[in-house]
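Colleague: Please take a close look at one part of this model, the faces between chains. I would like the counts together with the cut-offs behind them.

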Amino acid sequence: MRRRRFLQNSAAAAAAAMLHACARDEVAFIEQAVARSPHGPGESVWRGSVCQQCPAGCGVRVRLVDGDAKKLEGHPAHPVNRGGLCALGQAAVQELYHPDRLRGPWRLSRGQPSGAEPLDWEVALEELAQRLARAARSSPQGVWIGCGSVSWPAQYLWRRLAAALGLPPPVRLRSVEWEVEREAARRLFGLEDWPYFDLERADLVLSFGAPYLERWRSPVHYARALAEQRQEPRSRRGRSIHVEARLSATAAAVDRWIPVRPGGEGWLARAIARELLALGRASERAAAHYRRWFPGPDPPPESLATRCGVPQEAIAELARELAESERPLVLAGGPMAAQRHGLFHVAAALALNVLLGNLGREGGVLRPRRFDLERNLPPAPPLATLAAGLQRLRGQAPQAIVICDADPVHMLPPASGVEQALHGASFVAVMAQFLDDTALLADLCLPLHAPLERFDIVEPEAALHTAAIGVGAPLVEPLGATRHPGDIALALARALEVGEALAWPSVGALVEQVLQDLHRRTAPGGTGDFWSFYEDVLDRGGLWEERPALDGLEAAAPREPIPEPKLDRDASREPSLLLAFETHVRTAEGRGLHLPWIQQLPDLLSTVMWDSWIEMARADARRIGVRTGDRVRVSVEGQAAFEAFVVESPAAAPGVLALPLGGGQRDYGRWARERGVNPLRWLGAGEVEGVGLPAWGPVRARVEAAGPGRAALFGRGLRAPEDRPLRR
Amino acid sequence: MRKVLEHYARKEPLQWRKVTVLPASAMVHFTHRPHTRVGVACPVCHGEVAAMGVARRAVALDMAFCVACHEREGASVDCLTCHH
Amino acid sequence: MTRWAMAIDLDRCTGCEACVVACHAENNIRLVGPEEAARGRAIHWLRIERYYEGEYPDVRVRFVPVLCQHCGAAPCEPVCPVYATYHTDEGLNAMVYNRCVGTRYCANNCPYSVRFFNWHAAPWPDPLQRQLNPDVAARPAGVMEKCTFCVQRIQRARQQAADEGRELRDGEVQPACAESCPTRAIVFGDLDDPDSRVARLSRSGRARRLLEELGTHPAVFYLARGARESSGEP
Amino acid sequence: MNPEDERLLLAPVERGSRGLRLGLVASALAAGVLCACWGYQIAHDLGVAGINRPVFWGVYITNFVFWIGISHAGTLISAILRLTGAEWRRPVTRCAEAITVFALAVGGLFPLIHLGRPWLFYWLLPLPNARGLWPNFRSPLLWDVTAIGTYFLGSSLYLFLPAIPDLAALRDRATGWRRRVYTWCALGWRGTPRQWHALENGIRVMAVLILPVAVSVHTIVSWDFAMSLQPMWHSTIFGPYFVAGAIYSGIAILVAVMAALRRGLGLGRYISETVFDNLGLLFLTMALVWAYFTFAEHLTVWYGNEPAEMAVFWERVSGRYAPAFWTMVVLNFAVPMLVLPFRRGRRPGPASLVAVGVLLGMWLERFLIIIPSLANPRLAYTVGRYVPSGVEWGITFGAFGLFVFLYHLFLRCVPAVSLWEMRAGAAAESDTSLAPEPAREGVR
Amino acid sequence: MNRVRLQALFDDAPLARRAVARLVEAGVPPAAIELRSATPQPSLPGAGGRSWIPLAALVGGCLGALAGVSIASLTALDRPLVTGGMPIVAPFPVGIIAYEATALGAILATVARAVYEAGLRPRRTPVGPLDAQLAAGGVLVEVVTADPALGRSCLGDARRLALVPEERPGS
């Protein structure tokens with residue numbers, strides 16, 4: 001015992017001393033020292049950090065034993081997740097110790113297994129620098145940088161590097177629907193950001209497609225909000241209604257699910273708006289706005305009803321419920337937004353908030369709050385939108401493409417042209433933790449630190465009514481020769497003699513500087529010692545405002561109308577409609593499917609493990625002579641597409657096939673390799689009107705039996721025993 | 001002992017080796033704290049390390065040994081106390 | 001005297017399954033590949049049971065997170081020929097891997113189907129084993145396993161309290177599932193302490209227990225969906 | 001009974017025959033399959049079997065119940081016949097008792113085979129240890145251990161005791177090492193009146209004692225299921241139901257084996273048509289008893305209409321297991337009802353065919369009692385499915401091999417028909433045949 | 001003087017019985033006379049008499065029951081197993097174990113007693129020329145005596161008669 005205590009004191013002292021004499025690069029080293037040494041073997045240490053499995057930016061606490069990360073828990077005080085942590089977040093530790101993580105730079109040959117060879121970092125960086133320099137000299141426009149990292153330093157430093165080299169700004173790589181939702185928010189509320197939906201304090205929540213209990217925006221935050229909206233501390237239980245073509249997990253969890261015709265969401269919103277206007281619930285100004293967004297004459301009610309597939313009286317009743325509610329709230333988004341008329345669907349739904357007049361009010365749509373991290377930093381142009389980026393990509397094949405921490409090949413439909421561009425480009429460098437579909441097409445593959453191995457600041461991409469950031473420090477030794485994407489940018493800057501523009505020796509230093517600035521701002525007059533503040537922030541894993549604020553939000557003056565869909569008669573003779581959906585762990589990005597914990601997690605509704613599946617109505621299944629677990633062959637628009645398992649669902653609409661997003665990676669580690677189907681390969685359909693992004697959504701398809709299969713279902717039973725038909 | 005002094009001279013950390021080990025296959029979770037708290041003397045399990053030239057395993061740490069002591073001292077003999 | 005119990009608020013549960021992964025992470029539950037999973041060997045100490053009511057278009061879905069109910073009169077206990085599973089003084093339904101010979105009788109006699117068998121030894125491809133929780137035994141092939149209410153956490157908290165020379169506080173012990181739950185639907189605590197949250201919830205009008213009619217006296221309470229005010233809940 | 005009878009009955013033991021040697025080798029190979037499969041399973045863990053969650057018990061336990069059932073042939077029947085002094089028992093008892101012993105030996109293997117960690121089976125025995133551990137006598141599995149142990153010991157002795165005089169006879173005829181062995185086994189039997197007296201008394205008392213054990217054994221086996229909460233296991237009539245089924249399958253294998261001996265060893269003269277006729281009637285009775293229990297069991301469930309139980313019920317009669325169920329009904333009920341009521345149907349040929357069918361049917365019955373209940377637990381979410389693996393089939397097949405192998409060994413060591421009981425029978429007959437004559441004289 | 005063993009094979013029990021009577025009259029000690037048969041002959045001397053086997057079974061049963069009860073209850077109680085207030089000993093199981101133990105005890109006692117009453121123990125038995133013919137039926141009377149003449153006088157009406165010189169130990 002005495003020996004241990006002695007060790008503690010000495011180590012703590014040493015750590016403190018070095019912190020003060022902070023030669024910056026040591027910080028990482030010290031963090032590890034502090035994290036481990038003062039404690040005896042086998043004792044657990046808890047440290048704060050931030051989750052980077054998705055852009056929500058939850059605060060986490062990490063359990064460390066003998067220098068290994070063992071468990072992640074949500075940080076109870078963090079406003080985003082308030083102690084909770086979703087399945088993907090929990091699984092981050094498994095990603096950290098995944099046997100197939102990239103542990104050193106590789107030279108690849110565009111997907112050919114042959115000719116892959118490991119490199120030294122020096123060589124790799126040298127080559128990347130030269131390529132960038134050459135490309136920048138010949139034609140700056142010929143360099144295309146895409147960034148999907150949720151790490152703010154990574155984004156900032158790459159934006160800064162691009163600016164310093166006179167290259168176009170890096171492109172934000174997010175899946176289509178996220179961008180469409182942003183566009184809708186820009187048009188309706190004039191936000192260059194997503195609005196925050198104050199679900200917790202709303203008493204009637206009507207959501208159009210937005211799977212806010214699955215992976216949409218900030219699932220942990222919104223799930224908690226829904227729970228609070230229902231039970232204590234609320235005095236009266238709030239209601240929640242979900243509108244979607246398929247019974248999603250969200251639809252299953254809310255109080256009522258209203259099935260619509262796929263592609264009918266927007267029309268339902270228009271129909272409700274019509275009723276609301278008729279009921280005179282909307283203010284003059286709101287009504288005027290609405291008219292300018294949707295100038296077209298309202299179709300007659302019955303036609304609206306047929307377009308959305310919801311009976312008129314149901315619509316009327318829904319509208320009345322909204323009108324009578326004190327704090328109604330309407331959410332919209334999700335895969336629905338990626339359809340050809342996604343913007344229409346989202347905008348039409350969100351516009352209901354304007355009619356209901358809940359903008360900037362408790363339980364309504366609020367302006368998100370953020371810390372301005374870059375106020376006192378050298379300026380860097382913002383990330384280019386995906387639409388603009390893809391525009392440029394289609395222009396002329398870029399010479400050099402650099403992708404940072406994203407898998408656009410997997411998460412964007414082929415129509416995006418990313419894959420062709422990668423093939424066409426003369427040089428492709430990819431920074432990734434795993435060999436994903438994009439990294440497979442690279443010439444140069446640079447391995448990244450796992451979040452727990454590096455300094456980071458993460459801003460919740462879907463910001464709340466409370467400004468918050470997560471701050472992470474290296475808590476474990478890097479598994480291999482990996483780096484922070486920001487450090488790579490800094491190294492490149494040095495190599496390319498633009499070092500003075502990026503004057504930080506390491507990301508750690510940048511983080512420290514930002515925190516110093518925040519310290520000055522949050523603690524007026526810089527009261528309190530910075531180092532204790534710094535320690536405290538790292539220990540809590542972030543910094544956030546204690547209480548939420550109500551920032552006003554106004555409907556934006558409409559400039560152009562929202563494009564409404566023409567009534568398209570689909571001539572296709574294919575019998576059924578195939579659509580793709582999100583689950584708690586499956587998104588278009590396909591993140592997390594390389595982890596066994598996620599693969600073997602039974603899907604909530606289908607209970608399928610380890611694979612993709614086709615969900616269909618029992619009657620349809622019987623028609624083609626298959627039952628749950630059998631394989632079917634699916635052909636899309638007449639051409640053979642893929643095979644998958646069938647899962648019969650009592651909730652599936654007749655004639656509708658549903659396929660989960662995310663699967664079908666070509667590699668991505670041993671547990672994801674060639675597993676399942678990536679719907680985006682088959683569901684691509686034209687452009688999202690008014691946004692200029694490749695759309696994907698319901699397509700005409702045909703299924704036929706392909707023999708029995710060995711599906712891994714965890715729970716085959718559908719009905720509670722007492723529901724069993726009594727056949728006496 | 002001379003080794004230790006040499007280490008000290010070279011200012012290297014000592015390389016300790018575990019001599020008192022419970023195999024993972026035993027599925028036993030032992031922590032010193034509860035035992036030291038109630039004042040179980042170290043030699044009971046570790047033997048008179050001070051008297052040893054080279055540290056070696058003093059007691060056959062089998063279940064009989066643990067259970068006997070637990071029963072003697074009135075500690076819990078619930079399997080779950082150690083096996084979980 | 002302590003009697004550990006759990007309350008699960010079905011009105012808060014959204015079926016996100018964070019608890020399921022948390023349980024895997026905490027308890028070193030073995031990795032079961034696709035082939036074995038297809039053969040019905042997947043292991044989830046905690047699962048979200050999903051039941052459909054009605055047919056399209058008016059369908060309702062019920063979620064029930066099901067884990068070992070730590071029954072007060074557990075059917076699995078008397079049938080074990082070697083006391084590998086038995087009742088502890090704190091009301092836990094214990095499972096001692098060392099003692100198990102693998103008759104699997106307990107699993108057959110569990111009305112909740114929450115017991116699992118290690119059909120094979122667990123593979124931990126390097127460096128995955130570095131994540132393993134040192135407080136939880138890695139089970140060998142041929143033994144049963146099931147939810148333990150995270151007994152290792154209970155014991156850790158006990159040690160903590162003892163070192164600080166005090167009693168356990170309500171809410172101090174949190175199983176991995178409860179701690180991870182995004183909606184705080186899972187509450188764990190001592191049923192014998194009338195003021196503990198779990199005890200109060202167990203008295204709520206919404207409180208039900210699974211297959212209560214079998215007389216197993218489960219230690220897990222489910223709070224039915226619906227408004228709280230109508231239930232006289234504290 | 002004259003010397004060539006003796007020679008004929010002793011021939012298999014003393015000279016053997018090509019048929020016997022062939023059978024011995026073939027069955028040895030089959031038994032080898034069991035060993036190989038079990039070895040493989042121990043090396044690669046229980047996972048190589050098809051059992052899973054929630055179907056934790058599969059064909060291993062099916063076989064266990066089946067073989068323990070089979071074991072009720074001999075001892076029980078021979079005991080009943082002995083006590084009732086049925087004359088036609090004489091050629092039956094020995095080969096019947098042998099069936100019991102070997103069926104128990106085979107059946108007793110299966111609980112070990114199905115263990116997750118078979119090498120720890122001895123933890124089920126109350127062995128003193130320093131770790132403060134003890135088996136749980138509340139567990140039906142411990143009841144099994146005691147009951148089957150007792151039954152095995154008892155029926156082995158019950159087989160041995162009446163065999164002593166024949167062993168002595170063999171001793172007197174044998175030479176060399178065989179003589180030495182038989183000398184030891186025969187315990188110096190000389191056939192003095194005192195010895196005969198003790199022997200007959202012993203046999204009679206044993207017959208009385210073994211009956212309740214036999215009944216208890218399969219009752220307890222049934223309680224393995226009835227003690228649990230599983231739908232359609234938790235039934236009060238399981239005890240008698242299983243015993244009836246056991247005797248039924250027991251008689252079936254007895255008929256089959258005796259028919260085989262009759263043809264194989266040419267014992268037609270001793271195992272006569274009369275024997276089959278009587279056995280056939282007993283067989284028929286048990287068929288009816290079994291049908292009655294099965295009907296009662298299913299009727300109760302169906303009328304009670306308790307959801308969890310109905311799930312299993314429908315699974316059996318109209319669901320995934322319907323084919324097996326109706327095959328069972330045909331083999332165990334329809335066929336016996338069509339054949340056995342008629343004297344010609346009770347002749348060795350048809351009777352043995354029926355018997356084989358019933359054996360298959362009873363195996364299916366065990367299977368149908370175990371699997372559908374497990375596959376449909378109370379919480380319907382966890383519906384299971386079960387397909388036995390190659391290893392399981394191999395072991396099942398090997399078990400039959402092992403049984404036949406042991407039986408062949410037995411035939412090579414001890415006469416299949418009890419010599420002295422036949423002699424006694426013959427003697428008694430001659431007495432009765434002499435009796436009438438003085439009567440006739442009286443008439444004159 | 002060297003002794004001989006006389007073997008006489010009689011067709012049925014009454015004849016043998018008479019022969020034995022004659023021998024006894026002639027002063028042959030009953031111990032020197034042994035009757036043998038290949039089937040039970042209830043009418044022969046020594047075949048009757050009361051048997052203690054049932055009593056042995058009873059005693060054995062009681063001992064078994066005792067053992068069963070104690071192993072199922074007492075030893076279990078003696079072990080400090082933690083069962084959270086659940087019973088370690090329950091009446092029904094104890095009953096079942098006791099039942100089986102009873103049967104076991106009784107069976108073992110029966111066999112033991114039977115073997116004892118029959119005076120059985122593994123040993124070689126001398127075989128005379130007529131033993132083989134016993135199987136065909138009849139009763140064998142064997143006398144070990146010093147004068148062969150006695151045999152002829154008393155066993156005259158035997159179906160067959162044989163005389164074997166008694167082999168000495170070591171010869």
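Modeller: Chain D and chain C together bury about 3,700 Å², and carbon and sulfur atoms account for 57% of that; buried area here is the accessible area, taken with a 1.4 Å probe, that two parts lose on being put together, summed over both. The model is a predicted one, in which local features need pLDDT of at least 70 and side-chain atom pairs need 80 or more, while totals for chains, interfaces and linings use all residues; side-chain values rest on heavy atoms, with hydrogens and water left out. Residues count from 1 along each chain as its sequence is written, and chains are lettered from A, and ligands numbered from 1, in the order in which they are written.

Chain D brings 44 residues to the contact and chain C brings 48, where contact means heavy atoms within 4.5 Å. Between these two chains there are 0 salt bridges, a salt bridge being a side-chain nitrogen of Lys or Arg within 4 Å of a carboxyl oxygen of Asp or Glu. The interface of chain D and chain C does hold 30 residue pairs in polar contact, both residues at pLDDT 80 or more. A polar contact is a pair of N or O atoms within 3.5 Å; within protein, one must be able to donate a hydrogen and the other to accept it, and residues adjacent in sequence count only if both atoms are side-chain atoms. On the chain D side, the elements that give two or more residues are α6 (140–173) and α8 (193–226) of chain D. Helices (H or I, at least four residues) and strands (E, at least two) are DSSP runs, numbered from the N terminus. That side of chain D divides into 27 nonpolar, 11 polar and 6 charged residues. For these classes, Ala, Val, Leu, Ile, Met, Phe, Trp, Tyr, Cys and Pro are nonpolar, Asp, Glu, Lys and Arg are charged, and the others, Gly among them, are polar.

Chain C also meets chain A. Of the 8 pairs of chains that touch, chains A and C have the most contacts, with 82 residues of chain A against 68 residues of chain C. These two chains bury about 6,100 Å² between them, 54% of it on carbon and sulfur atoms. Within chain A, the residues that lose the most area to chain C are Gln231(A), Trp597(A) and Leu604(A), which together make up 10% of what that side buries.

One salt bridge joins the side chains of Arg719(A) and Glu55(C), at 2.7 Å from N to O. Chains A and C also share 27 residue pairs in polar contact, again with both residues at pLDDT 80 or more. Several elements of chain A supply at least two residues each to the side that touches chain C, among them β2 (59–65), β3 (68–74), α9 (249–253), β11 (256–259) and α21 (596–599). Helix α8(A) gives the most to that side, with 7 residues. By class, the side of chain A that touches chain C has 44 nonpolar, 14 polar and 24 charged residues.

Some backbone features of chain C deserve a check. Most residues other than glycine have a negative phi, and most peptide bonds are trans. The peptide bond from Tyr56(C) to Pro57(C) is cis, with omega near 0°, and Pro57(C) sits in the loop between β2 (47–53) and β3 (60–66) of chain C. A cis bond also runs from Asp126(C) to Pro127(C), with omega near 5°; Pro127(C) is in the loop between β6 (116–117) and β7 (144–145) of chain C. Cys150(C), which is not a glycine, has a positive phi of about 50° and lies in the loop between β7 and α5 (151–163) of chain C.

As for the other chains, chain A does not touch chain B, the nearest C-alpha atoms being 9 Å apart. Chain A does not touch chain E either, and there the nearest C-alpha atoms are 29 Å apart.

Over all chains the salt bridges come to 89. Inside chain A, the side chains of Arg327(A) and Glu362(A) form one at 2.8 Å, N to O. Arg327(A) lies in the loop between α13 (312–324) and β12 (328–332) of chain A, and Glu362(A) in the loop between α14 (342–356) and β13 (365–366) of chain A, so the pair ties together parts 35 residues apart in sequence.
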